[in-house]
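Reader: I would like to go through the terms used for this structure and see what stands behind each of them.

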Amino acid sequence: MRDATRTAPPAAPARLEFEAIGTRWIIDTPAPLPVTTQAEVRREIAAFDATWSRFRTDSFVHDLARRPRRHHVDADGAAMLGLYAALAPATEGAVNPLVGHALEDLGYDAGYTLKPSSSGRGSVPAWPALGWDPATSTVDPSAPVLLDVGAVGKGRLVDLVVGVLEAAGIEQFTVDAGGDIRQVGSRGLRVALEHPGDARRAVGVVRLPAGGGAVCASATNRRVWGDRLHHMLDARTGRPTSDIVATWAVAPTAMLADAAATAAFFLDADAVRELLPVTGLVRMPRRGPLQAGGIDGQVFL
């Protein structure tokens, strides 16, 4: 289960690599990051994980699943749920953060059992069941729900790490969290789009603009644990998608690129670009040629 996106240029003069939230992080900078900044990056990631991880029984996400109630969410929750509020109706309910229990039933649970079970919980609740109120940044679920913010969460966390680096006065850097990439203050960045079936090949190349931008990928060859079982669920059915193999999106922020890459499993490139401020999109159908729109770069297949 390799990452679906990889950077094309050689390593920067200084590189920080570590594991967090189940993925490999790479931060490239012109000079080594101060120890205090490295610690702040790790604290930011840990705080986000403690609140929004579906794999931690002490997280807010699990507490809400155990005790459905009206609750005020933090700024990260407001940003992510506000984006879901646009994604859910645009995809006719296919993109919905209430898929947590469905993923558990398929075996993608906190214990990584990877064995489908029958819990009797039924279909995925529709988006309105969360009771999201953007005016007050509150949720008020009508029934027990288990959130999974994977469609936008890693991108949001990349943007938070970018904020830490900018606050520390770092003017040029690239953050790569398992294929969710955002670069700031460079002369631009060429990114190869890794073939989901062969990590030695690329299906295309995109260029991030000078000054900054993000590219995120999503693919059904990542987090695969059984016959056609993977993490990309259609919330309308509670089952993994099958028509699209991989997607890539370019946008000003990683959260927007992450959201667009997910939406592209259910919407064509033009529809995604109308919905979100993305500058480019590539879709790889299970059958047929690559579909691309608005990219600065080229595709090969």
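Reader: Which residues point one way from β6 and which the other way, and are they buried or exposed?

Author: This is a predicted model, in which local features need pLDDT of at least 70 and side-chain atom pairs count only at pLDDT 80 or more, while totals for chains, interfaces and linings use all residues. Residues are numbered from 1 along each chain as its sequence is written, and side-chain values use heavy atoms, without hydrogens and water. F173, V175 and A177 point one way from β6, T174 and D176 point the other way, and all are buried, where buried means under 20% relative accessible area, exposed over 50% and partly exposed in between, with a 1.4 Å probe and protein chains only.

Reader: What makes β6 and β3 paired strands?

Author: Two strands pair if DSSP finds at least two bridges between them; 4 bridges join β3 (residues 23-29) to β6, and the two run antiparallel, with V175 in β6 as the bridge partner of I27.

Reader: How many bridges join β6 to β7?

Author: There are 5 bridges between β6 and β7 (residues 180-184), which run antiparallel, and the two strands form a hairpin with 2 residues between them.

Reader: Why are α3 and α5 called oblique to each other?

Author: Their axes, lines fitted to C-alpha atoms over the stretch in contact, with angles from 0 to 180 degrees between N-to-C directions, cross at roughly 135°. Angles under 35 degrees count as roughly parallel, over 145 as roughly antiparallel, 65 to 115 as roughly perpendicular and the rest as oblique, and therefore α3 and α5 are oblique to each other.
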